[in-house]
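My notes follow in the order I checked them.

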Amino acid sequence: MSAIILFDGVCNFCNGSVNFIIEHDKKNFFKFSPLQSEAGQKYVEKFGLSDIDSIILVENEKAYTHSTAALRIAKHIGGIWSLLYAFIIVPKPLRDFFYKWFAKNRYRFFGKMDECMIPTPEIRAKFL
């Protein structure tokens with residue numbers, strides 16, 4: 001069993017997050033694809049999520065977005081990070097308010113690249 005993380009491939013914060021997840025994903029549970037890629041766009045179309053530009057988690061043929069995606073990712077990483085999943089009890093509108101505010105400002109806070117990152121050969125197998 002595995003899950004797919006679709007992310008903004010030109011966002012510095014998103015790329016840093018993907019690198020963090022890869023480093024802590026000891027069970028190789030996650031595969032990755034930039035939203036801008038052909039594979040990423042197929043999932044966006046499949047789930048009708050063209051209005052999402054930050055992160056989508058596809059797990060068990062279901063798509064999770066915003067704070068729910070981030071919390072489910074933290075849960076699967078394990079260790080101390082899985083404790084963040086406790087925030088799932090916070091009402092989704094409140095969680096998503098803060099998530100969306102941060103996502104809206106991520107380029108201003110962290111900048112962006114002109115193109116998606118190019119993974120190393122070791123990491124390339126984790127990408128669709």
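Which residues are linked in a network of salt bridges? I found Asp 8, Asp 53 and Arg 106 in that network. I keep in mind that this is a predicted model.

**Entry 1: the network pair**

I looked at Asp 53 and Arg 106 first. Their side chains meet in a salt bridge, at 3.8 Å from N to O. I then placed both ends. Asp 53 sits in the loop between H2 and strand E3 (55–59), while Arg 106 belongs to helix H4 (residues 92–110), so the pair ties together parts that are 53 residues apart in sequence. I checked accessibility next. Arg 106 has a relative accessible area of 3%, which means it is buried. Asp 53 counts as partly exposed because its relative accessibility is 47%.

**Entry 2: other salt bridges**

How many salt bridges does the structure hold? I noted six.

I took Asp 96 and Lys 92 next. Their side chains form a salt bridge, with 2.7 Å from N to O. Both residues lie in helix H4, four residues apart, about one turn of the helix. Is Asp 96 buried or exposed? Asp 96 is buried, because its relative accessibility of 8% falls under the 20% cut-off. I logged Lys 92 as partly exposed, at 35% relative accessibility.

Then I went to Lys 42 and Glu 38. A salt bridge joins them, and their closest N and O atoms are 3.8 Å apart. They are four residues apart in helix H2 (residues 38–47), so about one helical turn separates them. I found both Lys 42 and Glu 38 exposed.

**Entry 3: the sheet**

I turned to the strands. In what order do the four strands lie? I read the order as E2-E1-E3-E4, in an open sheet with mixed pairing. The edge strands are E2 and strand E4 (62–65), each of which pairs on one side only. From one strand to the next, the twist averages 25°.

I zoomed in on strand E2 (residues 30–34). Though E2 is an edge strand, it is mostly covered, with four of its five residues buried. Strand E1 (residues 3–7) runs parallel to E2, and five bridges join the two. I found Ala 3 opposite Phe 30 in E2. I then traced the connection. The chain leaves E1, passes through helix H1 (residues 12–24) and reaches E2; this β-α-β crossover is right-handed.

**Entry 4: helix packing**

I finished with helix H3 (residues 66–77) and H4. At what angle do H3 and H4 pack? I noted about 90°, with the axes 7 Å apart. H3 and H4 are therefore roughly perpendicular to each other. I listed the residues that make the contact. H3 supplies His 66, Ser 67, Thr 68, Ala 70 and Leu 71. H4 supplies Lys 92, Arg 95, Asp 96, Tyr 99 and Lys 100.

Note on methods:
Residues are numbered from 1 along each chain as its sequence is written. This is a predicted model: local features need pLDDT of at least 70, side-chain atom pairs count only at pLDDT 80 or more; totals for chains, interfaces and linings use all residues. Side-chain values use heavy atoms; hydrogens and water are left out. Buried means under 20% relative accessible area, exposed over 50%, partly exposed in between (1.4 Å probe, protein chains only). Two strands pair if DSSP finds at least two bridges between them. A crossover is right-handed if, with the strands pointing away from the viewer, the path from the first strand over the helix to the second runs clockwise. Axes are lines fitted to C-alpha atoms, for helices over the stretch in contact, and angles run from 0 to 180 degrees between N-to-C directions. A salt bridge is a side-chain nitrogen of Lys or Arg within 4 Å of a carboxyl oxygen of Asp or Glu. Angles under 35 degrees count as roughly parallel, over 145 as roughly antiparallel, 65 to 115 as roughly perpendicular and the rest as oblique. Contact means heavy atoms within 4.5 Å.
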